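Grab a pencil and work through these exercises with the structure open beside you. Try each task before you peek at the solution.

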Amino acid sequence: MKRLLIVRRYEPIVRFSCCSVRYGECRHNHAASTGGYAIDGCREFIAEGEEGTGGALKCAACGCHRSFHRRVQVYEVAWDYGSDTSSSE
């Protein structure tokens, strides 16, 4: 006699929410006008001024605008496995 075994598994529900944005290395090509390629080596955007001022968009390390730096979105992942029926109350 053949038996049928049914295995239930709970698929996790994954929710992504963008919690913050930071700016990485500078991609400003300083030799573009001469047809070359040269970057300054700035590894991370550091704001020159406080948020809401003009200095907040300028990097204190290299002097470039924030738009030249690579945008990195940091995601927060939430896992939900549903209710656990094996736990005793």
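Predicted model: local features only at pLDDT ≥ 70, side-chain atom pairs only at ≥ 80, totals over all residues.

Residues are numbered from 1 along each chain as its sequence is written, and side-chain values use heavy atoms, with hydrogens and water left out.

**Exercise 1. Find how many disulfides the whole structure has.**

Step 1: A disulfide is a covalent bond between the sulfur atoms of two cysteines. The cut-off here is a pair of cysteine sulfur atoms within 2.5 Å.

Step 2: Searching the whole structure turns up zero disulfides.

**Exercise 2. Work out which residues make up the largest nonpolar core.**

Step 1: sort out "buried". The word means under 20% relative accessible area, while exposed means over 50% and partly exposed is in between (1.4 Å probe, protein chains only).

Step 2: Cys-26 is buried at 4%, and Cys-42 is buried at 10%. Tyr-23 has 16% relative accessible area and is buried, and Phe-45 counts as buried at 13%.

Step 3: join them up. A nonpolar core is a set of buried Ala, Val, Leu, Ile, Met, Phe, Trp, Tyr and Cys residues joined through side-chain atoms within 4.5 Å. The largest one has six residues: Tyr-23, Cys-26, Cys-42, Phe-45, Cys-59 and Cys-64.

Step 4: In soluble globular proteins, nonpolar side chains tend to be buried together.

**Exercise 3. Classify the one aromatic pair that the search finds.**

Step 1: recall the rule. Rings of Phe, Tyr and Trp (its six-membered ring) pair if their centres lie within 6.5 Å; planes under 30 degrees apart are stacked, over 60 edge-to-face and the rest tilted.

Step 2: apply the rule. The ring centres of Tyr-23 and Phe-45 are 6.0 Å apart and the planes sit at 70 degrees, so the pair is edge-to-face.

Step 3: Strands are DSSP runs of E, at least two residues, numbered from the N terminus. Tyr-23 is in strand S1 (residues 13-26) and Phe-45 is in the loop between S1 and strand S2 (69-80), so you've got a link between distant parts of the chain, 22 residues apart.

**Exercise 4. Which side chains meet in a salt bridge, and where do they lie?**

Step 1: set the rule. A salt bridge needs a side-chain nitrogen of Lys or Arg within 4 Å of a carboxyl oxygen of Asp or Glu.

Step 2: count. The rule gives one salt bridge, and the partners are Arg-70 and Glu-25, at 2.8 Å from N to O.

Step 3: locate them. Arg-70 is in strand S2 and Glu-25 in strand S1, so the pair ties together parts 45 residues apart in sequence.

Step 4: check the surface. Arg-70 is partly exposed at 33%, and Glu-25 is partly exposed at 25%.

Step 5: look at His-69, also found in strand S2. His-69 is buried, at 2% relative accessibility, and its side chain reaches the backbone oxygen of Gly-24 at 2.9 Å.

Terms used: Helix = DSSP H or I, 4+ residues; strand = E, 2+ residues; numbered from the N terminus. Polar contact = N/O pair within 3.5 Å; in protein donor to acceptor, adjacent residues only side chain to side chain.
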